[in-house]
Amino acid sequence: MDNHPLSACRRCFTTGTVQGGSSSLPMTIRPTSAAALLVLTLAACGPVKRGAADQFTRTGELIALSGGDAGAPNACVACHGLDGRGNGAGAPRLAGLNRGYMTAQLEAYASGRRRHPEMEAIARKLTLAQYDAVSNYFAALRFQPDISSSVAGSPPVLYQRGDPARGIAGCASCHGDHGEGVGPANPPLGGQAAAYLAEQLDQWRRGARRNDPENVMLEIARALTLGESAALAAYASSLPGGLPRPGSPAASPEAHRDDPRSDVSMPLRRAVE
Ligand code: HEC
Ligand code: HEC
């Protein structure tokens, strides 16, 4: 990760730690040193999008920035990005993923049902409460689809409809036409790097990832050819991975707000009222 653009952030943590007078962050971060670390990080690494300012979210943000019990070198943002968009290669987007899904993945790394040396080591050092808090933080980070990037070609038949003869269900039925993920357990694929998605399919093929419900992905990955996996990973990666949220400013421009029903700050009303 040394050449990663966010390696500058690693240096922020190092600076914060040196000022604190020890070579690694203490297990329990005192409020003052935690605040100093946050200021240093924010000053050197740019703005962080903040979720609801409750204590739970703040704890999650602190773990994301400091690594929590896993220590400063394992700060999540160093690999997953301050905005949670991932590093464009092996470290995936976490912003906007489902909280329960992320907690389940951290548990799977800790128990060895999902194999990856760095994530296994990190997950084993965090407590269940820390999984929950940090997952809550990343889940609340808004993922802005990159609308400038275009979808790579027309949807492959396998993505849309699968191949029933080989027992492959269409990816879209669980991951959505826009790669947004349908329901809490089916993660978005859009906005994830093609290399990451291809690597996951490969891990299921090799049995290195074994925590999917009812082996659904394990069986699909083993039915796909290598060429099909690569093509599906490239296509899924190019999908926007999110839908405009109802009530977002774009859906309710300033000019239309004289009607209180189109003001997003008003409580939701039924159309018949
Ligand atoms: C040294 C880099 C690094 C650091 C630090 C790091 N991660 Fe990761 N993370 C990765 C990589 C690489 C993967 C993909 C591993 C794989 O292929 O299974 C990953 C995967 C994940 C996933 C699975 C996402 C998915 O879509 O299935 C979660 C959740 C996660 N990391 C959370 C965290 C949290 C929380 C922290 C901080 C406590 C953290 N990571 C710190 C590199 C890192
Ligand atoms: C019946 C539902 C279902 C179908 C159909 C399905 N998936 Fe999945 N997929 C899942 C679930 C559930 C997970 C998360 C598994 C876990 O918890 O580890 C997943 C995860 C993935 C991931 C890893 C995402 C990440 O962030 O780590 C990839 C890549 C993937 N699926 C690709 C595909 C492709 C390609 C297809 C079509 C050929 C497909 N899936 C069809 C349910 C499905």
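H4 gives the most to the shell around ligand 1, with 4 residues. The model is predicted: local features need pLDDT of at least 70, side-chain atom pairs count only at pLDDT 80 or more, and totals for chains, interfaces and linings use all residues. Residues are numbered from 1 along each chain as its sequence is written, while chains are lettered from A and ligands numbered from 1 in the order in which they are written.

A shell residue has its C-beta atom, placed from the backbone, within 6 Å of the ligand. Helices (H or I, at least four residues) and strands (E, at least two) are DSSP runs, numbered from the N terminus.

Around ligand 1 there are 26 residues, and Cys76, Cys79, Ala91, Met102 and His116 come nearest. H4, H5 and H6 each give two or more residues to this shell.

Around ligand 2 there are 25 residues; the closest are Ala169, Cys171, Cys174, Asp212 and Leu232. H9 (171-175) gives the most here, with 4 residues.

Shell make-up by class follows. Ala, Val, Leu, Ile, Met, Phe, Trp, Tyr, Cys and Pro count as nonpolar, Asp, Glu, Lys and Arg as charged, and the others, Gly among them, as polar.

| Shell | Nonpolar | Polar | Charged |
|---|---|---|---|
| Ligand 2 | 18 residues | 6 residues | 1 residue |

Now the cores. A nonpolar core joins buried Ala, Val, Leu, Ile, Met, Phe, Trp, Tyr and Cys residues through C-beta atoms within 7 Å. Buried means 20 or more other C-beta atoms within 10 Å of the residue's own, all placed from the backbone. The largest core has 31 residues. H7 gives the most to this core, with 6 residues. Apart from it lies another core, of 16 residues, including Cys171 and Ile220.

Technical notes
A residue is buried if 20 or more other C-beta atoms lie within 10 Å of its own, exposed if 12 or fewer, and partly exposed in between; C-beta atoms are placed from the backbone.
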